[in-house]
Amino acid sequence: MAIERKSKQRDAIITELCSRYDHPTAMDLYLSVRKTIPNISLGTVYRNLTELVESNQILRVIVPGDSD
């Protein structure tokens with residue numbers, strides 16, 4: 001079992017997810033979180049989303065023919 005790391009970036013991603021009522025893509029989250037953390041990378045958003053899915057903290061919504 002992986003040890004979950006707390007970070008300012010992860011907290012910002014979770015906060016953004018909890019404030020939304022849609023199913024944002026990683027790019028949507030990246031653009032939103034960049035407003036508060038300008039130096040966050042898209043890779044950081046993807047890595048954190050993957051870790052959150054693997055730890056069952058969020059669900060990945062698969063849309064055929066579109067972004068997850």
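This is a predicted model: local features need pLDDT of at least 70, side-chain atom pairs count only at pLDDT 80 or more; totals for chains, interfaces and linings use all residues.

At what angle do the axes of helix α1 and helix α3 cross? Roughly 70°, with the axes coming within 10 Å. Here α1 is residues 8-18 and α3 is residues 42-54. The axes are lines fitted to C-alpha atoms, for helices over the stretch in contact, and angles run from 0 to 180 degrees between N-to-C directions. That makes α1 roughly perpendicular to α3, a label that covers 65 to 115 degrees, with under 35 being roughly parallel, over 145 roughly antiparallel and the rest oblique.

Residues are numbered from 1 along each chain as its sequence is written, and side-chain values use heavy atoms, with hydrogens and water left out.

Back to that crossing. On the α1 side you've got Q9, R10, I13, I14 and L17, and on the α3 side T44, V45, N48, L49, E51 and L52; contact means heavy atoms within 4.5 Å. Sort those residues and you get 6 nonpolar, 3 polar and 2 charged. Nonpolar is Ala, Val, Leu, Ile, Met, Phe, Trp, Tyr, Cys and Pro; charged is Asp, Glu, Lys and Arg; the others, Gly among them, are polar.

N48 sits in helix α3 and counts as buried because its relative accessibility is 4%. Buried means under 20% relative accessible area, exposed over 50%, and partly exposed in between, using a 1.4 Å probe and protein chains only. Leaving aside neighbours within four places in sequence, N48 touches R10 and I13. N48 is also 41 residues from S7 in sequence, yet their C-alphas are 9.8 Å apart.

The other one is E16, over in helix α1. At 19% relative accessible area, E16 is buried too. Beyond the neighbours within four places, E16 is in contact with L29, S32 and V33.

And the whole thing? There are 3 helices and 0 strands; these are DSSP runs, helices being H or I with at least four residues and strands E with at least two, numbered from the N terminus. Along the sequence, the pattern reads α-α-α. Of the 68 residues, 25% count as buried. The C-alpha atoms fill a box of roughly 35 × 30 × 20 Å along the principal axes.
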